[in-house]
Amino acid sequence: MGSNAREAIPTLEHLLATDQNVRFRVAIAKVLGRIAGADAVPALARALTEDREPQVRSAAVTAIAALGLDG
């Protein structure tokens, strides 16, 4: 993803924490790690520990785990 995608990181982190649509939060969790890399860990960790939806928590942990595969 290009450098323009990085500009979306703060918005994506906010939506991950606040949007009401579960599918949307799952999609955000999946893409956030690819865009932000290790910088996404705090937002993903919050989703993992604070989101009520199992699908979102699963996507967050998968995104965190995928960060280790990139290196």
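Predicted model: local features only at pLDDT ≥ 70, side-chain atom pairs only at ≥ 80, totals over all residues.
Residues are numbered from 1 along each chain as its sequence is written, and side-chain values use heavy atoms, with hydrogens and water left out.

Let me begin with Asp-51, which sits in the loop between α4 (41-50) and α5 (54-70); helices here are DSSP runs of H or I with at least four residues, numbered from the N terminus. Is Asp-51 buried or exposed? Asp-51 counts as buried because its relative accessibility is 12%, where buried means under 20% relative accessible area and exposed over 50%, with partly exposed in between, using a 1.4 Å probe and protein chains only.

The side chain of Asp-51 makes a polar contact of 2.8 Å with the side chain of Arg-25, and a polar atom of the Asp-51 side chain also lies 2.8 Å from the backbone nitrogen of Glu-53. By polar contact I mean a pair of N or O atoms within 3.5 Å; within protein, one must be able to donate a hydrogen and the other to accept it, and residues adjacent in sequence count only if both atoms are side-chain atoms.

Setting aside residues up to four places away in sequence, Asp-51 touches Leu-16, Arg-25, Arg-46, Val-56 and Arg-57, a contact being heavy atoms within 4.5 Å. With its neighbours within four places likewise left aside, Arg-25 is in contact with residues including Leu-15, Leu-16, Asp-19 and Val-56.

Leu-16 brings us to the largest nonpolar core, which has 19 residues and in which Leu-16, Leu-32, Ile-35 and Leu-44 have the most contacts. Such a core is a set of buried Ala, Val, Leu, Ile, Met, Phe, Trp, Tyr and Cys residues joined through side-chain atoms within 4.5 Å. At least two of the core residues come from each of α2 (9-18), α3 (22-36), α4 and α5, and the largest share, 7 residues, comes from α3.

Turning to α2, Ile-9, Leu-12 and Leu-16 are buried. Seen down the axis, the buried residues of α2 fall within an arc of 60 degrees, so they line one face of the helix; the arc is taken from the directions from the helix axis to the C-beta atoms. On the other side of α2, Pro-10 and Ala-17 are exposed.

In α4, the buried residues include Ala-43, Leu-44 and Ala-47. These cover an arc of only 100 degrees around the axis, which puts them on the same side of α4, while the face turned away carries the exposed Thr-49 and Glu-50.

Finally, which residues lie nearest the centre of the largest pocket? Of the 13 residues lining it, these are Leu-16, Ala-17, Thr-18, Arg-25 and Asp-51. A pocket, on a 1 Å grid over the protein atoms alone, is an open set of points where a 1.4 Å probe fits, with protein on both sides within 12 Å along at least five of seven lines, and lining residues have an atom within 4 Å of a point.
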